[in-house]
Amino acid sequence: MAAEWGLTIEEMSRPPVEIWPDNFQAVHVFSATRTQWSYAGFGSPVGLIYSELPFVFEMEGIERKDWPRLFAELRVMEGAALEVMRSAKP
């Protein structure tokens with residue numbers, strides 16, 4: 001299961017992180033987009049493939065009125081994820 005999420009056994013062994021109810025939807029959708037990253041040359045991550053988000057929103061049953069808020073929340077998570085992914089490069 002650790003490999004499925006791109007984590008080591010040590011990372012999976014850490015205590016669970018609490019997700020506040022207000023953030024659950026964004027975390028759930030962010031998780032659903034884990035295979036929707038764009039990469040530049042030499043495997044450097046660039047960001048989420050935004051053109052795939054409407055499909056993900058629809059498949060997750062997200063109401064259209066919530067898309068702008070959720071997109072803003074995903075961009076915050078995307079920025080943080082990019083920092084972590086880029087810092088992990090040798």
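Student: What percentage of the 90 residues in the chain is buried?
Tutor: This is a predicted model, in which local features need pLDDT of at least 70, side-chain atom pairs count only at pLDDT 80 or more, and totals for chains, interfaces and linings use all residues. Residues are numbered from 1 along each chain as its sequence is written, and side-chain values use heavy atoms, with hydrogens and water left out. Buried means under 20% relative accessible area, exposed over 50%, and partly exposed in between, with a 1.4 Å probe and protein chains only. Of the 90 residues, the buried share is 22%.

Student: Which pattern does the chain follow along the sequence?
Tutor: Helices (H or I, at least four residues) and strands (E, at least two) are DSSP runs, numbered from the N terminus. The chain has four helices and two strands. Read along the sequence, the pattern is α-α-β-β-α-α.

Student: Which residues does Trp37 contact, leaving aside its neighbours within four places in sequence?
Tutor: Contact means heavy atoms within 4.5 Å. With those neighbours set aside, the partners of Trp37 are Phe30, Gly47, Leu48, Ile49, Glu78, Ala81, Leu82 and Met85.

Student: Why does the pair of Tyr50 and Phe71 tie together separate parts of the sequence, and how many residues apart are they?
Tutor: Rings of Phe, Tyr and Trp (its six-membered ring) pair if their centres lie within 6.5 Å; planes under 30 degrees apart count as stacked, over 60 as edge-to-face and the rest as tilted. Tyr50 and Phe71 are edge-to-face, at 5.0 Å centre to centre and 80 degrees between the planes. Tyr50 lies in the loop between strand S2 (45–48) and H3, while Phe71 lies in helix H4, so the pair joins parts whose separation in sequence is 21 residues.

Student: Are Phe57 and Trp67, which form a tilted aromatic pair, buried or exposed?
Tutor: Their rings are 5.2 Å apart centre to centre, with 50 degrees between the planes. Phe57 lies in helix H3 and Trp67 in helix H4, so this pair ties together parts ten residues apart in sequence. Both Phe57 and Trp67 are buried.
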